[in-house]
Amino acid sequence: MSAIIIAEAGVNHNGRIDLARRMVHAAKEAGADYVKFQTAVPELVISEIAPQAEYQKENTGRVESQLDMCRRIHLPLSAYAELKALCEEVGIGFMSTPFDPVSVDTLAALGQDWFKIPSGEITNLPYLRQVASKGIPVILSTGMSTLDEVEDAVKILTGSHPDYPSESRLTRDDIIVLHCTTQYPAPFGEVNLKAMKTMADRLGVRTGYSDHTPGTEVAVAAAALGAAVIEKHFTLSRQLEGPDHKASLEPLELADMIRQIRSVESALGDGVKRVAPSEEPNIEVARKSIVAARAIRKGETLDESNLAVKRPGNGLSPMKWDSVCGTRALRDYEADSLIDPAQAETGSDDHHSTPSTHEKL
């Protein structure tokens with residue numbers, strides 16, 4: 001089954017609806033299944049005293065409060081209905097991550113196939129309860145978390161946590177958990193893609209990967225490991241000002257990543273070992289047959305001294321070697337000529353009456 005590929009626009013529109021609209025078209029052209037934004041009322045998410053992350057300071061070139069930064073780069077809530085309508089028009093799925101209670105309600109009212117829960121909300125009990133109550137399937141990012149914290153969140157989302165009850169309408173089949181390393185860019189040595197399988201085995205849910213590494217190779221590797229969802233940040237240009245642009249793909253790179261993922265998925269196949277149609281013409285060329293090592297006269301005993309195994313592979317299979325050795329030649333053979341298949345059919349009778357060269361010794 002093909003992975004759901006999410007082109008994460010996030011806040012890379014820098015608070016400009018015209019850039020956001022261009023990003024919808026770019027994600028569609030790249031071949032993504034969804035384009036995803038981030039929806040927030042900054043004052044409900046961030047306090048006045050919250051500092052910027054180090055990567056935000058470095059990437060923006062500004063030292064300011066996290067709240068002031070987010071006020072500059074977030075769209076108003078009214079913009080998301082317009083973006084959803086545009087997605088429907090161009091034929092790509094719409095998704096946005098809510099960061100606060102008002103945004104959860106706004107996106108639930110708009111309607112979307114999935115709620116995307118960001119890594120930072122995995123320990124936000126009221127938020128998890130609110131999302132669970134909407135009955136919309138969930139993609140849960142798990143950066144900065146332990147396996148126990150992820151399990152708690154899944155149980156809250158499904159209404160099965162003994163200590164944190166919730167009014168949930170979700171089952172584990174409605175949840176996809178994304179492994180993630182919350183750093184921009186994420187160091188390759190800290191990715192730990194094998195955690196996808198660990199979470200799948202422990203939690204009984206589908207798993208995927210939200211990629212913050214440079215380039216595309218880790219996302220492609222996640223596809224090879226069977227990720228159900230692959231999410232990757234993209235931008236119209238890494239030269240734009242903002243906290244996430246430098247750790248994002250540009251549109252042509254996004255398209256190339258998606259092409260690579262689809263190629264890997266195609267290459268994974270169904271696991272049944274069989275001869276591929278493209279291989280069949282090469283069997284005759286690459287395999288070998290039993291041939292005469294030299295000229296052989298009719299009635300001569302066939303054995304290691306006058307037989308050889310050579311290409312092409314359109315004659316008697318070398319797997320019939322034991323059946324042929326010890327038989328008498330049914331006709332004259334020139335050097336390198338294919339031994340008749342009939343020689344193998346007489347092998348059982350001749351082996352009783354005519355010892356092989358080895359047996360004579």
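**Salt bridges and a surface patch**

Guide: Let's start at Leu44, which sits in helix α2 (helices are DSSP runs of H or I with at least four residues, strands are runs of E with at least two, and both are numbered from the N terminus). This is a predicted model, where local features need pLDDT of at least 70, side-chain atom pairs count only at pLDDT 80 or more, and totals for chains, interfaces and linings use all residues. Residues are numbered from 1 along each chain as its sequence is written, and side-chain values use heavy atoms, with hydrogens and water left out.

Visitor: Is Leu44 buried, partly exposed or exposed?

Guide: Buried means under 20% relative accessible area, exposed means over 50%, and partly exposed is in between (1.4 Å probe, protein chains only). Leu44 has 48% relative accessibility, so the class is partly exposed.

Visitor: Which residues make a nonpolar surface patch of about 220 Å²?

Guide: Patch members have over 30% relative accessible area and no salt bridge; like charges are joined within 9 Å, and nonpolar side chains (Val, Leu, Ile, Met, Phe, Trp, Tyr) within 5 Å. Areas come from the Shrake-Rupley method with a 1.4 Å probe, and for residues only the protein chains shown count as cover. The patch of about 220 Å² is made by Leu44, Val45 and Val102.

Visitor: How many salt bridges does a search of the whole structure find?

Guide: Side chains of opposite charge can pair when their charged atoms come close. Here a salt bridge is a side-chain nitrogen of Lys or Arg within 4 Å of a carboxyl oxygen of Asp or Glu. Searching the whole structure on that basis gives 26.

Visitor: How many residues apart in sequence are the parts tied together by Arg262 and Asp33?

Guide: These two form a salt bridge, with their closest N and O atoms 2.9 Å apart. Arg262 belongs to helix α11 (residues 251-268), while Asp33 is in the loop between α1 (17-30) and β2 (34-39), so the parts they tie together are apart in sequence by 229 residues.

Visitor: Does Glu151 count as buried or exposed?

Guide: Glu151 meets Arg202 in a salt bridge (2.7 Å, N to O). Arg202, at 38% relative accessibility, is partly exposed. Glu151 has 16%, so the answer is buried.
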